[in-house]
Structures are given as C-alpha cells and as structure tokens.
Amino acid sequence: VAKLHLLSGWAKLASGDPTWRNLTALEYHYWTTCLPVWVGWYAARLPDWWQRTSAAVMFAIELGAPLFVLGPRRLRHAAATAMIGLQLAIAATGNYGFFNLLTATLCLTLFDDAAFARWRPARARDETPHRPLRTPSHAVFLGAVVAATALTLAPMAVRLGGPTVLPARARALLDALAPLRTFNSYGLFANMTTERPEIVVEASDDGRTWYPYEFRWKPGDPARRPAFVEPYMPRLDWQMWFAALQGAARTYWFQPFLDRLLEASPPVTALLAPSRFTRERPHYVRARLYRYEFASPRERGRGLWWHRSLIGLYAAPRAAASAR
C-alpha cells in the first residue's frame with residue numbers, strides 16, 4: 001500500500017506534466033477521466049483555489065502518508081485513514097472499477113486488531129485467547145524492507161532514464177523478477193489529459209441518414225446523465241476512451257468491432273444500450289470524433305450534461321456485404 005501511493009504521487013511529478021506541477025490537473029480531471037460520473041460535473045464547477053488545494057492535499061497524502069506506515073500506531077492509523085479517504089473521494093468522482101475498493105482494502109491492513117475491537121461482539125472479545133505474535137528480528141525485517149525498496153525503485157529509474165542507467169546484472173535480476181509483478185514500477189495516468197475526444201459510432205440503412213449507437217456508460221447523448229458503474233469494469237466503454245486518444249490507425253480492434261456491428265453480432269451488441277441496430281443488421285456503419293466537455297450551468301438548466309462539437313471522421317463508412 002505504501003508503494004502504490006508513493007509511486008502514484010512520484011510518477012505524476014517525475015512525468016514533467018505541467019498540470020500536476022502547477023496543481024491545475026483537477027480542473028480537467030473530472031470531465032476528461034475515462035468514465036465520468038454526474039458528481040464530477042459539480043466537482044468541476046468548484047473554484048480554482050479549491051481545485052489547487054485538493055491537488056496539493058492529494059500529493060500530501062500520496063507522498064506523505066506512506067512514510068508513516070511503519071511508524072507508531074497512531075501515525076500509522078492516521079496515514080491509513082487519509083489514504084482510504086483519498087480512495088473514497090476518487091471513487092465518488094469517477095468510475096475506476098474495483099481499483100479504489102482494492103486499494104482501500106489494502107489500507108485496512110495497517111490497522112491492528114484493537115482498532116476494530118469495538119465492532120466485534122462482546123462474546124467474541126471475551127473468548128478470544130491472547131496469543132503473542134512471533135515476529136522476525138528487526139535486522140531481518142529491516143533488510144527485507146531495504147531490499148524491497150531498492151527492487152521497487154530500480155524499475156522506476158529505468159522508466160525515467162532508460163535501461164542503461166542500471167548495470168547489466170541488475171537488469172537481468174529485474175527481468176527474472178518481473179513475472180512476479182511484485183517489484184515492478186507503478187504510475188498509472190501520470191499525465192493528465194486536458195481535452196476529451198469522444199467517438200460516436202453510427203449506423204445507417206441508406207448511407208444518408210445516420211443513427212448513433214448508445215454505449216451503456218461512456219458519454220454519448222449529451223442529455224444522458226453520467227452514471228456510476230463501479231465496482232464493475234465495462235471494458236468496451238473504457239477502451240473507447242483510449243481509442244479516441246490513440247486514433248483508429250493505432251487501435252487494432254476498432255475495425256473488427258465495426259464489422260461485428262454490421263453483422264449485429266449478439267455478443268457485441270449486448271455490450272451496447274438496446275436500439276434498433278442492436279437487433280437488426282445495418283447496411284453501413286461509421287464513426288465520428290467529437291470534442292466533449294461538461295455543459296455550462298446554462299446548458300445544464302436545459303437538461304444537458306455535455307457540450308460537444310464535431311472534430312471530424314474517425315472511421316470511414318463501412319458497408320455490409322449485402323449493400324455493396
């Protein structure tokens with residue numbers, strides 16, 4: 001749990017991203033995140049000083065709290081409480097699947113049995129015998145901590161400076177340990193996205209009148225409220241966010257996805273919100289790219305959650321075999 005939080009904060013600063021360094025990242029975060037939620041619209045309307053303060057508090061927790069996980073009991077409990085609070089705040093303002101739940105569960109291991117004694121039934125407290133734990137010597141424990149820390153920081157050094165920053169034997173050791181997924185580096189979303197391109201997939205019978213497919217969770221219809229889906233992970237909706245940023249040429253699965261829509265493939269159309277073209281085969285499909293951002297308060301008063309503007313074509317129209 002210390003590694004996860006510490007490297008999360010360190011990766012943001014080490015990436016050189018200006019929005020993290022000047023504490024403006026949260027001005028973009030709530031509406032550019034993979035699968036936004038309706039709470040994010042309100043969070044994005046908070047003043048700039050609040051956003052900067054929130055970013056500073058986040059760094060204080062990610063870079064400061066892990067330093068106390070091996071400290072005295074009260075400091076350790078305070079650190080765990082701060083990290084759990086951060087995970088709850090993240091979960092309340094965006095959909096990240098089961099990530100926040102798993103991370104908060106890791107933080108619970110920093111509390112001892114006495115911290116939960118008040119929630120245990122009185123009978124269970126009376127009948128539980130006291131068994132002193134056998135712990136390794138301080139020297140063994142300290143050696144394990146130092147070794148684990150070195151093996152964790154080494155991949156981060158390679159990530160920043162390239163493989164040549166480490167001797168050949170050290171690189172060989174890291175390669176041998178890599179399958180364990182224990183000493184690997186960490187730093188997801190170290191760079192903040194400041195725009196939101198969004199793909200809208202459309203179907204047509206005649207190639208002139210087009211109707212959009214609606215996804216269940218990702219933004220589409222500007223009037224549809226962003227919903228919570230966590231702790232589930234809707235992989236297609238999630239991957240559409242990456243596809244919009246990468247472009248169709250670099251998204252190998254997107255063209256086959258359009259082909260399955262032309263076939264009205266049940267396993268694929270079941271991932272989408274029900275519509276006419278999830279039941280019937282269209283003659284044509286295409287994808288267009290829009291720029292999305294949260295609606296203004298005035299637009300929100302008209303029932304809109306999103307404001308969007310067309311960027312251009314993302315994937316050219318594809319025809320079914322029967323329409324060629």
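Okay, let's start with helices α6 and α7. Helix α6 covers residues 73–92 and helix α7 covers residues 99–108, and their axes come within 9 Å and cross at roughly 170°. For the terms: helices (H or I, at least four residues) and strands (E, at least two) are DSSP runs, numbered from the N terminus. Axes are lines fitted to C-alpha atoms, for helices over the stretch in contact, with angles running from 0 to 180 degrees between N-to-C directions. Angles under 35 degrees count as roughly parallel, over 145 as roughly antiparallel, 65 to 115 as roughly perpendicular and the rest as oblique, so α6 and α7 are roughly antiparallel to each other.

Who makes the contact, meaning heavy atoms within 4.5 Å? On the α6 side you have Ala80, Met83, Ile84, Gln87, Ile90 and Ala91, and on the α7 side Phe99, Asn100, Thr103, Ala104, Cys107 and Leu108. That splits into nine nonpolar, three polar and no charged residues. Here Ala, Val, Leu, Ile, Met, Phe, Trp, Tyr, Cys and Pro count as nonpolar, Asp, Glu, Lys and Arg as charged, and the others, Gly among them, as polar.

A word on where this comes from. It's a predicted model, where local features need pLDDT of at least 70 and side-chain atom pairs count only at pLDDT 80 or more, while totals for chains, interfaces and linings use all residues. Residues are numbered from 1 along each chain as its sequence is written, and side-chain values use heavy atoms, with hydrogens and water left out.

Zooming out, the protein has 14 helices and four strands. Its C-alpha atoms fill a box of roughly 75 × 55 × 45 Å along the principal axes. Of the 324 residues, 40% count as buried, which means under 20% relative accessible area, with exposed over 50% and partly exposed in between (1.4 Å probe, protein chains only).

Now the cores. A nonpolar core is a set of buried Ala, Val, Leu, Ile, Met, Phe, Trp, Tyr and Cys residues joined through side-chain atoms within 4.5 Å. The largest one has 25 residues, and those with the most contacts inside it are Ile199, Val201, Phe254, Phe257, Leu261 and Tyr314. Two or more residues each come from β1 (196–204), α11 (235–246), α12 (254–262), β3 (284–294) and β4 (306–319). The largest share, five residues, is from α12. Take phenylalanine 257: leaving aside neighbours within four places in sequence, it contacts Val201, Phe215, Leu236 and Val268. There's also a second, separate core of 17 residues, including Ala25, Leu86, Leu110 and Met192.

Over on strand β3 sits valine 285, which is buried at a relative accessible area of 0%. Among the residues valine 285 touches, not counting those up to four places away in sequence, are Trp210, Tyr213, Leu258 and Pro317.

Next, helix α3 (residues 26–32), where you find leucine 26. Leucine 26 is buried at 12% relative accessible area. Beyond its neighbours within four places, leucine 26 is in contact with Gln51, Ser54 and Ala55.

Cysteine 34 is buried at 2% relative accessibility, and cysteine 107 is buried at 0%.

Technical notes:
Contact means heavy atoms within 4.5 Å.
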